[in-house]
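Here is a short briefing for you to read alongside the model. Please have the viewer open as you go through the points.

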Amino acid sequence: MATTTTTTISSSLIAPPAAALHHRSSFCRCPSRLTVGAARWWARRRQPAVVVRVVASSSVLEAPEEVAARKLYVGNIPRTVTNDELAAMFADHGTVERAEVMFDKYTGRSRRFGFVTMSTPEEANAAIESLNETEVGGRKIKVNVTESFLPNIDRSAPEPEPVFVDSQYKVYVGNLAKSVTTEMLKNFFSEKGEVLSATVSRIPGTAKSKGYGFVTFSSEEEVEAAVSTFNNAELEGQPIRVNKA
């Protein structure tokens, strides 16, 4: 939202010059001429107040890292998706300030990715959690924070993660605290079955958590037990969401 600063300069602060006062006295023998002349002189000077408006866009004043925290990359979208359709995909998760599909300038075809800016970082995180890896038009889309706009992100090489063993018996774990590690996630779910593997999803090339992960088990019964036991349970002081993946 743009902010506006208004400065008002009142013409009543402008005093008539001494020469004008002298001019009035020189016509004292002609009252009618004096009245008309004075009226015209003051009419020319008593113009409406001058209003100066300085408009500053909040997008310019906002720090780059704050914009980056709510700007999302959306990849692998169908070529038929328009800007309006892209915005509609994210509208359920907050206020969409801008949605833009990238097109090839020579062919005019969609490049299968775009950018969406939400109004708050919390809304951006909610959109990532709900939409990343979901299917749109038969394609699994990718949704994450736009890394290239994060100048202060920790780009040091993360600690190597254990190899994730996938399985058909898997749960999705959302709303993870940023401090949760893969080992913590695995130990937490081990109470309700034999955990084959666990992983916390991270922004590629960094140690920064995306706020969700996956846990695999050896049977459907263990999956059911994990969902019923741990959905809305607290891990690192934060309630998590657990459902079948």
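Helix 8 buries Glu222, Val223, Ala226 and Phe230, where buried means under 20% relative accessible area, exposed over 50% and partly exposed in between (1.4 Å probe, protein chains only). Seen down the axis of helix 8, these residues fall within an arc of 105°, so they line one face of the helix; the arc is that of the directions from the helix axis to the C-beta atoms. This is a predicted model, in which local features need pLDDT of at least 70 and side-chain atom pairs count only at pLDDT 80 or more, while totals for chains, interfaces and linings use all residues. Residues are numbered from 1 along each chain as its sequence is written, and side-chain values use heavy atoms, with hydrogens and water left out.

**Around helix 8**
- The buried residues of helix 8 pack against strand 9, helix 7, strand 11 and strand 14, with contact meaning heavy atoms within 4.5 Å.
- Helices (H or I, at least four residues) and strands (E, at least two) are DSSP runs, numbered from the N terminus.
- On the face turned away from the buried side of helix 8 you will find the exposed residues Glu221 and Ser228.
- Asn232 follows helix 8 and has a positive phi, near 75°.

- Four strands form an open sheet in the order 10-11-9-14, with antiparallel pairing; two strands pair if DSSP finds at least two bridges between them.
- Strand 10 (195-202) and strand 14 (241-244) are the edge strands, each pairing on one side only.
- On average, neighbouring strands of this sheet are turned by 20° against each other, direction ignored; axes are lines fitted to C-alpha atoms, for helices over the stretch in contact, and angles run from 0 to 180 degrees between N-to-C directions.
- Strand 10 and strand 11 (residues 209-217) run antiparallel and are joined by six bridges.
- Val195 stands opposite Phe217 in strand 11.

**Helices on the sheet**
- Helix 7 (residues 182-189) packs on the sheet and touches strand 9 (170-174), strand 10, strand 11 and strand 14. The direction of helix 7 makes about 140° with that of strand 10.
- Helix 8 (residues 220-230) also packs on the sheet, touching strand 9, strand 11 and strand 14, and its direction makes about 155° with that of strand 14.

**The whole chain**
- The protein chain holds eight helices and 14 strands.
- Of its 245 residues, 33% count as buried.
- Among contacts between residues at least 6 apart in sequence, 64% join residues at least 24 apart.
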